[in-house]
Amino acid sequence: MTFIHPLGLLGLIGVPILIIIYLIKNKYTEQTIASTYLWTLSEKFLKRKKTPPKLVGLISLILQIIIVIAISLTIANPVFIFSDKAHEYCFILDASGSMQMEQDGNTRFEIAKEEIRERIDDSMKGSVYTIVCVSATETKVICNQSQDKEEALSALSKAEPSYGTVSFVNALEIAQGYFNESKGMETYLVTDKSYKSHDNVELINVSDGEQNYAVVGVTCERDSALAAFKIEATIVSFEEDGAVDVRLYMDDTNVAVEVKTENLVKGEEKTVQFYVERNSYAWLKVEIPNADSLMTDNEKMQYNLEVENSYDTLLVSENPKFLSWALESVGNANIKTYSPKEYAEVEKTGAPTGYGLYIYDNYVPNEVPVDGAVWYFNLNKSLEGTGFTYQAETAEKEVALRLKKTSSSTSRKLTADLQGAQIYVAKYIKYGLYYPFTVLYETPTGDPVVFTGTNVYGNSEVVFGFSFENSNFSIVPDYVILMRNLVEFSFPDVLERAEYDCGEKLAVNVPPACTTIKIKAPNGEMTYPATGIEAAEYVLTIPGTYQLLLTVSGEERSYNVYAGIPKTESCVTATEDSFRLQGEASDERLDGKYDDLIFFFILLFVVFAIDWGVYCYDKYQLR
Amino acid sequence: MGKFVIDEAFLQQVETLQMLVKNNVAGMFGGNHQTKSFGSSCEFSDYRDYIPGDDITKIDWNAYARFDKLYLKLYLDERQMHTRIYIDASRSMDYGKGGKAEQALKIAATLAYLAVCEMDKVSVYIIRGKEVEELISGIVGREAFINSVHKFNEVEFFGDSYISEAILPEKVGYGDGMSIIISDFLTENNYEEAIDYLVDKRRHVLCMQILSREELNPIIRGKVHFFDSEDIQRTYRKHIDREIIKAYKKALEYATGRIRNYCMARNADYLLLSAEASVGEVLFGEMVDMGVLK
């Protein structure tokens, strides 16, 4: 037995003090009274004729001494050691999405935590606890070899499940590390998966064959022949055969576009097809309304990426056919066309804003647009903020342009897939460049004719130093390819896709001149990724729709992506191969401890107080 | 012994009271107490036939005119009593903060005043050891009382007292009024013979037992060694606890019962008083209730 607070033994000084008090108090008080007649007479009426034995008078003192000794010992906090009665525990807690399945009102995760809690509660003090929580995003040691039960239980209570697929590789490594240190460690893997083998690990499977339906995939494509969208949803029932309703919603959560009833065979995926005649849609949702253990995977949403990435284009041209055709063929551009004369009138009341792309063909605007990419064709005048100056228009003679490829990433992107067709221009404008530009085509004398860069507002800028009427450019195959490359350069897709699984990273292509990025999670939590990089990343942790808000040149653009439960997490009876700790387990144990004497202390204090109370009541007739 | 105050207002109240003497009064003529015998007071009692030799002034001539026969009118007799008050002046009456002595003197003085107000003769005695000392001797009238009342303040309480041995040798009169013994009666000494003696003398006997609050309801606890104030050799050493207190209460009951029963058996009155009770409460409350005063 050892003492945690040996100074508490100073309380034993109270014993001699108590004896001294007793000796002082035990003296007879001498007092003269009017008459002792009645007191003497009272002897005749006293039932207890004999004087109580000395020991009886000392009972109170003995009791008080025992209590003082006991209180001192309690304050000193003795620790009783029980050899080889404690264990080292390592709990690996599965926090994957499937652990959110419910049975009898409790999720698997809650049941798993309860299993761990029971084992910690039942363990002897002196045991060591390690809890490793494996979620979709990280493997975290939430309690690291702690001897404090309360700390372990507190850490356990704070553990939260994720919605994605987990990997136990890191957890296994961590557990192996602890196991190598202590071969007597008891390792528990608390999961809802089955393992064919689990050496040196005790498996606690908390799954209970709950029924679960899931929408595991949705595709949507345009069927040109039918002039309709063809939507295919893959659904599955994991535990039992049965009929389910499958509902399709498009752009309206209140009214289903179509409802189908499908018979499912346990474990077999089934594809359900819907045909919806409409020109466009912003989002669609396939839903199985049947109640089951994991409702989160009963729906899947898909946002239309074309709509998400669409932009408006302003085109000022006397002859817009070449450009509008090329743009429509490479992207979903909503083109607003003005003739130079019309646009000049519009500019008098203020230049239009709010477009993703501004194209000026043979027209010089009053000023550079502030909020979008700008293309100039045959700009025959210097314009402040463009980064280049007009120098001169060359004489009318046919010049063959040379494709200029460099090793820069921008050049590679812009010249990708170009076949190097011969391009001639009858007339071109010579510019002086003072901003860094990437030249795509130049004359044999080195004059830049087609070049790209950024303007004073940080927006993309594309310059063609000739007019289509004076060139064969619009009829060569490279024309459309270059247009595509330029559109992607000027207005890159912010999102590569709009459908993710929980645990995946959302990649955001940050447009030039983007000042802020906000991501609003389904639970309302806002995140602000950095904007100074080309591609921002964000881990989608919970299922639902995430709203991405970008501020580009003062204009706010909104995008939506949906994160669903991974297909593997929807399966109620997932089976893994093995979970094995290498090495030979031993019977090594830790010393158990017992030092929980606080209630004993309180009890003693109460007894002491009562004893003194009774003594004082008897002595001084307190009432 | 501190001074005690009996103020004018209180005395006026006391004057409204009257002592009731149980026995047939055989005192001197001229008092206020009516006797069972016929006398010369103004209060009509009865008629009887005239016998020759009777005082003819007492013949009721109206009755003669009506019945043609001589009847004599009889009136009640009124006698003067001699109230004798005995005060126990032992040390136990005046030890500590009990206030028994002061209470005894106050009551004695008040009763004495009441007696003189009724034209009675009053004597106050101090019992000290085996003797009786005269404090006030046979005074009559308020003026004499006022002149003598200072003597109450001169009484000193010490030594032991033997009530029987002190009273028995004394002349106590015969059937001429009330004898009042004021004591704590906390003694093994004999006092019964004194009561018997006074009763034999056809006196109306009143024993007033005065006890302090501590004696009536002791609050002391723990280990104590008591010494008797009258005799240092008499001691009591005990650890006083609940059991002892219970026994004490029974002893107190026994001691008070002893004198109460003895008085009751001899047609004497007994009154147990707390030393803290006011004189007014004693006179107008307890003594009126038990019929000693009206």
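1. Strands S27 (residues 438-442) and S28 (residues 448-454) of chain A pair in the antiparallel sense over 4 bridges; two strands count as paired if DSSP finds at least two bridges between them. Helices (H or I, at least four residues) and strands (E, at least two) are taken as DSSP runs and numbered from the N terminus. Within this pair, Thr438(A) has Thr452(A) of S28(A) as its bridge partner. The two strands form a hairpin with 5 residues between them, and Gly446(A) in the turn has a positive phi of about 95°.

2. The model is predicted: local features need pLDDT of at least 70, side-chain atom pairs count only at pLDDT 80 or more, and totals for chains, interfaces and linings use all residues. Residues are numbered from 1 along each chain as its sequence is written, while chains are lettered from A and ligands numbered from 1 in the order in which they are written.

3. S28(A) also pairs with strand S29 (residues 460-464) of chain A, in the antiparallel sense and over 5 bridges. Here Thr452(A) stands opposite Val462(A) in S29(A). S28(A) and S29(A) form a hairpin with 5 residues between them, and Gly458(A) in the turn has a positive phi of about 85°. Because 5 of the 7 residues of S28(A) are buried, this strand is largely enclosed by the rest of the structure. A residue is called buried if 20 or more other C-beta atoms lie within 10 Å of its own, exposed if 12 or fewer, and partly exposed in between, with C-beta atoms placed from the backbone.

4. Chain A as a whole has 13 helices and 38 strands. Of its 623 residues, 35% are buried. Among the contacts in chain A with a separation of 6 or more, 69% are between residues 24 or more positions apart; a contact requires C-beta atoms, placed from the backbone, to lie within 7 Å.

5. An open sheet of 5 strands in chain A has the order S30-S36-S35-S32-S33, with mixed pairing. Its edge strands, each pairing on one side only, are S30 (499-501) and S33 (526-527) of chain A. Strand S32 (residues 514-520) of chain A runs antiparallel to S33(A) and is joined to it by 2 bridges. Ile519(A) stands opposite Thr527(A) in S33(A).

6. The largest nonpolar core comprises 87 residues, and those with the most contacts inside it are Ile92(A), Leu93(A), Ile131(A), Ala175(A), Ile235(A) and Val561(A). Such a core is a set of buried Ala, Val, Leu, Ile, Met, Phe, Trp, Tyr and Cys residues joined through C-beta atoms within 7 Å. Apart from this core lies another, of 76 residues, including Leu111(B), Ile163(B), Val172(B) and Tyr191(B).

7. Two residues of chain A may be set side by side. Phe274(A), in strand S16 (residues 270-276), is buried, with 22 other C-beta atoms within 10 Å. Leaving aside neighbours within four places in sequence, Phe274(A) is in contact with Ile231(A), Leu248(A) and Glu258(A). Glu232(A), in strand S13 (residues 228-237), is partly exposed, with 14 other C-beta atoms within 10 Å. Glu232(A) and Gln273(A) are 41 residues apart in sequence and 4.5 Å apart in space, C-alpha to C-alpha.

8. In chain B, helix H6 (residues 192-200) has Ala194(B), Ile195(B) and Leu198(B) as its buried residues. Seen down the axis of H6(B), these fall within an arc of 100°, so they line one face of the helix; the arc is that of the directions from the helix axis to the C-beta atoms. They pack against helix H5 (163-167), strand S6 (178-183), strand S7 (204-211) and helix H8 (242-265) of chain B. Just after H6(B), Arg202(B) takes a positive phi of about 55°.

9. At the interface, 34 residues of chain B are in contact with 25 residues of chain A. On the chain B side, the elements giving two or more residues are strand S8 (222-228), strand S9 (235-240) and H8. H8(B) provides the largest share, 9 residues. This side divides into 14 nonpolar, 9 polar and 11 charged residues, where Ala, Val, Leu, Ile, Met, Phe, Trp, Tyr, Cys and Pro count as nonpolar, Asp, Glu, Lys and Arg as charged, and the others, Gly among them, as polar.

10. Strand pairing also links the chains: strand S2 (residues 29-33) of chain A and S8(B) pair in the parallel sense over 5 bridges. Phe226(B) in S8(B) is the bridge partner of Gln31(A).
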